Amino acid sequence: VVLVHAGGLCRRLVTVDAAVPIVAGMDEDDEVKCVLPAMRKDCEPKCSTAYAHYKACVDRITAKGHGDCEPYYFDWLKCIDKCAMPHIMEKLK
């Protein structure tokens, strides 16, 4: 079972025959925990500059009453994902 984090949920990406456990000692009823949210959380401090730019934009938009901070938000997420990706790949191997 390979889990990916999508839309706030961990979703099963690949499933081999359900009767055959993928991990030794793993039963069909065993709960699989998605580690991506924790890895992303650990990377947030490394992306504090990108978050500061996003937060400053949100404050400006809140004061003005209109606008868009989407590019800053995606820059922040890109930084977090770039930091987390090597750790995720280690878990998938």
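Student: Why is R40 called partly exposed?

Tutor: Buried means under 20% relative accessible area and exposed means over 50%, with partly exposed in between (1.4 Å probe, protein chains only). R40 has 22% relative accessibility, so R40 counts as partly exposed. The model is predicted: local features need pLDDT of at least 70, side-chain atom pairs count only at pLDDT 80 or more, and totals for chains, interfaces and linings use all residues. Residues are numbered from 1 along each chain as its sequence is written, and side-chain values use heavy atoms, leaving out hydrogens and water.

Student: What makes the pair of D81 and R40 a salt bridge?

Tutor: The term requires a side-chain nitrogen of Lys or Arg within 4 Å of a carboxyl oxygen of Asp or Glu. In D81 and R40 the closest N and O atoms are 2.7 Å apart, and the pair forms a salt bridge. Helices here are DSSP runs of H or I with at least four residues, strands are runs of E with at least two, and both are numbered from the N terminus. D81, at 29% relative accessibility, is partly exposed.

Student: How many salt bridges does the whole structure hold?

Tutor: The search finds three. One of them joins E44 and K41, with the closest N and O atoms 3.7 Å apart. Another is formed by the side chains of K55 and D59, at 3.4 Å from N to O.

Student: Why are K55 and D59 said to be about one helical turn apart?

Tutor: They are four residues apart in helix α2 (residues 48–64), which means a separation of about one helical turn.

Student: Why is K41 called exposed, and E44 partly exposed?

Tutor: K41 has 54% relative accessibility, so K41 counts as exposed. E44 has 30%, so E44 counts as partly exposed.

Student: What makes M85, M89 and L92 a nonpolar patch?

Tutor: Patches take residues with over 30% relative accessible area and no salt bridge; nonpolar side chains (Val, Leu, Ile, Met, Phe, Trp, Tyr) are joined within 5 Å, like charges within 9 Å. L92 has a relative accessible area of 45% and is partly exposed. L92 lies in helix α3 (residues 70–92). M85, M89 and L92 together have about 260 Å² of accessible area, by the Shrake-Rupley method with a 1.4 Å probe, where for residues only the protein chains shown count as cover.
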